[in-house]
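Please examine the sequence and the three-dimensional structure shown below. The paragraphs that follow lead through selected parts of them in turn.

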Amino acid sequence: MSSLTFSPRVPVIDANVCVGNHHTGPSPCQSPAHLLGEMDFHGVRRAVIYHAQGEQISPTDGNMHLEDWLDADERLIPQWSVAPVETSMRQIAELHRRGRVKSARLHDCQSAGLPFLPWGYDDLLSLLSSERIPLWIPLMDVEADHLVTTLKAYPDLCTVLIGAHYTHALVVRGLLEANSNTMLELSRYEPIGEVEALVDRFGADRFVYGSWYPRYAMGPILFYLHHTRISEDDLARICAGNVERLLGLTEGS
Amino acid sequence: MIDGTRVIDYHGHVGRWERYGMVDDPELILGAMDAVGIDIACLFHIFHPDGTTGNDLTAQFVARNPDRFVGFAYVSPTMPDRMVPELERAIDKLGFPAIKLYPPYTPWPFNEEPWHPIYEFAQDRGLAIIFHTDHFINSRPRYFEDLAPAYPRVNFVSAHCGNVPEARAEAIAAAQKFPNVYLETCSTYRTPGVIEELVEKGGADRVLYGSDMPLMDPRPQIGKIITARISNEAKRMALGENAARLLGI
């Protein structure tokens, strides 16, 4: 039952946190200390972070700025933005050579005219697939049909779909059905009862907690997940276990 | 109940909108409410401009669980001859205690003349009206600054509190100026600090928890209140005490 205060019952890794300023204005979170304070307030142990500049401006510059946010305690886990262009691919390959790439995040190329189809992404997706690097994909940046078509061509590639909203209600199940290596991040997915229904249908291993802080507050979805009828084991998987497995995380790694 | 506070969700719907996963299944709705301690949900049906069709569906829905749901009346100025008679029927015969209006489904900003017969009716009865508000021209919260002093017996509720910062600032400004303006919290824009801003600037006694269920699950929406950096006293007011006062329940 609820109370006026809340703290999570299971370890939590936030799988979707944005750091730094977008080109459109300042973030409400201006430092790693601020972010860590927010995580402490909501009981979040670690967070997967990417830089705002990597969304629509420059994945390579965003990744350089991301370095400034990494903390000595490694509570903040870097996620590197990537686009199918030479500068970005070279940067990712170098970071990977140094053992620093646990996951990548797709830069928005669709709004610049490149659809998410194999003819435009083969080099990138082949690299990520062969090197077992999971790819986070913002749903609003990619056509659902392209996702299904393209991911079928790379069956070993693990993907996490980000930012599903109720306006994606007609496509979410189909996307999860079409590719067994696709997971869903839950920061915006609020159709009534759908977390329970999706876990019943696909199993808890297909879902991860993310807040998309600071676009959204860190606490509400975490609170939601703790007030469903899913089991404690499934809750633990969604809140941390699945992303730990996907990123190969161990304590402090 | 949450820690002894009766919880009232001030924003919910009757009706189906399957393209967005919205299904008004009472079992689903009550299950989500019970999982977090929501005692009562206020519901309205906005998909029929005549008002009557939707209000009857709302009344039927409420009648199945009258201790858990409260129906609000819906009318539209696109059918002006029906507005006041339907309000009389919904309030007097169906027993609804408040009104819901949805400006995006009309050609008019909600401070314009076609809406005023509704406000005159509400003024006579001393009713609350909840408006969809956002940053588009028909639904700007700044219109409350025209309406609130003109209809002082009406309590004006800004649903979604405008959704985005510019419109939210208008809603807060109206609440600061007029005691009969309230701020309702549901939104998929779950920006950090919003609940804190509403409480700090608008006043804890003006904030109303709402969820937009079943379009959205009430649990993450109530999570916005519970996980906000506000006092427990402010949480109690937002979760139910303010709504109970407004509705007289």
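Is B:Asp212 buried or exposed? The model under discussion is a predicted one. In this model, 25 other C-beta atoms lie within 10 Å of B:Asp212. A residue counts as buried if 20 or more such atoms are found within that distance, and B:Asp212 is therefore buried. The residue belongs to the loop between strand 9 and helix 8 of chain B.

B:Pro214 is placed between strand 9 and helix 8 of chain B, and a cis peptide bond, with omega of about 5 degrees, joins B:Met213 to B:Pro214. In chain A, a cis peptide bond is found between A:Tyr213 and A:Pro214, where omega is about 0 degrees. A:Pro214 lies in the loop between strand 9 (207–208) and helix 9 of chain A.

Six strands form an open sheet in the order 4-5-6-7-8-9, and their pairing is parallel. Strand 4 (73–74) and strand 9 (207–208) of chain B stand at the edges; each has a single partner strand, so one side of each is left without a neighbour in the sheet. Strands of a sheet pair through backbone hydrogen bonds, in either a parallel or an antiparallel sense. Within the sheet of chain B, strand 6 (residues 128–132) and strand 7 (residues 155–159) pair in the parallel sense over five bridges. One example is B:His132, whose bridge partner in strand 7 of chain B is B:Ala159.

Helix 6 (residues 165–177) of chain B packs on this sheet, where it touches strand 7 and strand 8 (181–184) of chain B. The direction of helix 6 makes about 145 degrees with that of strand 8 of chain B. Helix 6 of chain B also meets helix 7 of chain B: their axes come within 9 Å and cross at roughly 25 degrees. Angles under 35 degrees count as roughly parallel, and helix 6 of chain B is therefore roughly parallel to helix 7 of chain B. The crossing of these two helices is right-handed. In this contact, B:Ile172, B:Ala175 and B:Gln176 of helix 6 meet B:Leu198, B:Lys201 and B:Gly202 of helix 7. These residues divide into three nonpolar, two polar and one charged.

Another pair of strands in chain B is formed by strand 1 and strand 2, which run parallel and are joined by four bridges. Here B:His13 stands opposite B:Phe44 in strand 2 of chain B. Strand 2 (residues 40–44) of chain B is mostly covered, with five of its five residues buried. In a regular strand the side chains alternate between the two faces of the sheet. In strand 2 of chain B, B:Ile40, B:Cys42 and B:Phe44 are on one side, while B:Ala41 and B:Leu43 are on the other, and both faces are covered.

A:Trp136 lies in strand 6 (residues 135–138) of chain A; with 25 other C-beta atoms within 10 Å, A:Trp136 is buried. Beyond its neighbours within four places in sequence, A:Trp136 is in contact with residues including A:Gln79, A:Ser103 and A:Val160. A:Arg132, by contrast, lies in the loop between helix 5 (118–130) and strand 6 of chain A. A:Arg132 has 11 other C-beta atoms within 10 Å and is exposed. Its phi is near 55 degrees, a positive value in a residue other than glycine.

Notes
Residues numbered from 1 in each chain as written. Chains lettered and ligands numbered in written order. Predicted model: local features only at pLDDT ≥ 70, side-chain atom pairs only at ≥ 80, totals over all residues. Pairing = 2+ DSSP bridges. Contact = placed C-beta atoms within 7 Å. Axes fitted to C-alpha atoms, helices over the stretch in contact; angles between N-to-C directions. Buried ≥ 20, exposed ≤ 12 C-beta atoms within 10 Å, placed from the backbone. Parallel < 35°, antiparallel > 145°, perpendicular 65-115°, else oblique. Left-handed = near helix turned anticlockwise from the far one by under 90°. Nonpolar A, V, L, I, M, F, W, Y, C, P; charged D, E, K, R; others polar.
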